[in-house]
Amino acid sequence: NTKLLVLSTNGTLLQTFTGCAWTTSILFELSYTQQADSMIITHSSHIPKVLKRTGATTFTLADFAFRESTNQDAVYQPYFKFADDDITLDIDQTTAQTNVNLVTSAAYFESGMVGTIVRYHGSELEITSVTNTTEAVGTLKKDVRIELDDDPLKSEEGSGTITVLHPAHGFASGASITVEGAESILNEDGNGLSAGNINGTFTITVLDDDRYEYTASASDTGGDSADGGGTNVRIIGHPPTRQWDEQVYSNYNGFPTTCKFHQQRLFFAGGAITDFIASSKTSEFFNFDVGDAEDTDSIQISISSDQINEIRHLVSGRNLEIFTSTGEFYLKPQVGKPLTPTDLKIERQGNLGSIQKCMPRLFDGAAIFVQPNGKTVREFFYNTATEDYVSSVLTYLSPQAVDSPNDSAILKS
């Protein structure tokens, strides 16, 4: 069964799509959510699909595509470092081009990763071939610019030596770097290091894992011992770094298990990272850019509890309710406020779990779900008195009434 039939409310067949990504074996594991004329359909085995109404009786079915930057050098999608934290990545170029060599400090690459996007200091590379487990080749989409914290340069009075604060930099002594965007570091009399002499290409001496130094050009010296450089200092270089990651959703890693529109955001969950939840920016359903964690930026969070919590369903109720293989949770915002990237947490409400099939349904304010035994049906509702959720059994009097259901529905009169 690789078809999708679109029917009107009176049962009239409007359109048929064939050759769809799903088969009979996963049909009842599909998750879907709808906003206006668009429906998102997800399963961990395939790219999310977008069913969109284009006319009174016409529809299109297409792959979900995350929004790209205007010049197409960045894809606004979730990223995560799947490699062990101590594995570094190095590349041999810093300007956007093809045939860039990627090298990891330990085995990581596999042939199935061709087409996957990794980020090196925020610059995206699409892997085009895999040489071996530690070497690959890719296309660098954007010039590498390593942004430093505010005022990362330290001058010394009467000296041309500049110390750079660059946590976990990865450089070795003798490496060549280019500094750009640094502002002059001057004392109250206007004397000191001018921008023209602290920007440029220099050879560095490493002091420790977080600092290195270089000498200003033109024999310029500091007028005072001070921190400076401004808020836009960038380093051009390609040291081995632990600061790299890769796209969460891909043919190699898998795709989200479930999806839900909630509070003007599109949420994906499960799949590639089983307990991971990611949302779009507010009212920008294809843009999952975390930005600077402003209130409207993407929300990305994991359950990270003491159990394996494979997220199976999301429900948009009073809160965003989360149903996993081993428990029930919800995304808790600050009281009286919408969800934002910095003011929320995941609260556990139970340890029952739910089945993958048979999506939970909202009925009279409660989410109806089926436990993993395939027999116990419960309602998950918010108790305003205790300010938490309660899971009450609905099949208490007739436990034999339900046995491994495939699907669920709410009939309204």
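I started in the loop between β6 (59-63) and β7 (79-80), where Gln-72 lies. Strands here are DSSP runs of E with at least two residues, helices are runs of H or I with at least four, and both are numbered from the N terminus. The model is predicted, so local features need pLDDT of at least 70 and side-chain atom pairs count only at pLDDT 80 or more, while totals for chains, interfaces and linings use all residues. Residues are numbered from 1 along each chain as its sequence is written, and side-chain values use heavy atoms, with hydrogens and water left out.

I looked up the backbone of Gln-72 and found a positive phi of about 60°, although this residue is not a glycine. Most residues other than glycine have a negative phi. Gln-72 is exposed, at 55% relative accessible area (exposed means over 50%, buried under 20%, partly exposed in between, with a 1.4 Å probe and protein chains only).

Next I went to Cys-358, in the loop between β32 (344-350) and β33 (361-363). Cys-358 is not a glycine either, and has a positive phi of about 65°. Is Cys-358 buried or exposed? Cys-358 counts as buried, with 7% relative accessibility.

Then I turned to the whole protein. I noted one helix and 36 strands. Of the 413 residues, 46% are buried. The C-alpha trace spans about 85 × 50 × 40 Å along its principal axes. I also checked contacts (heavy atoms within 4.5 Å): among those between residues at least 6 apart in sequence, 55% join residues at least 24 apart.
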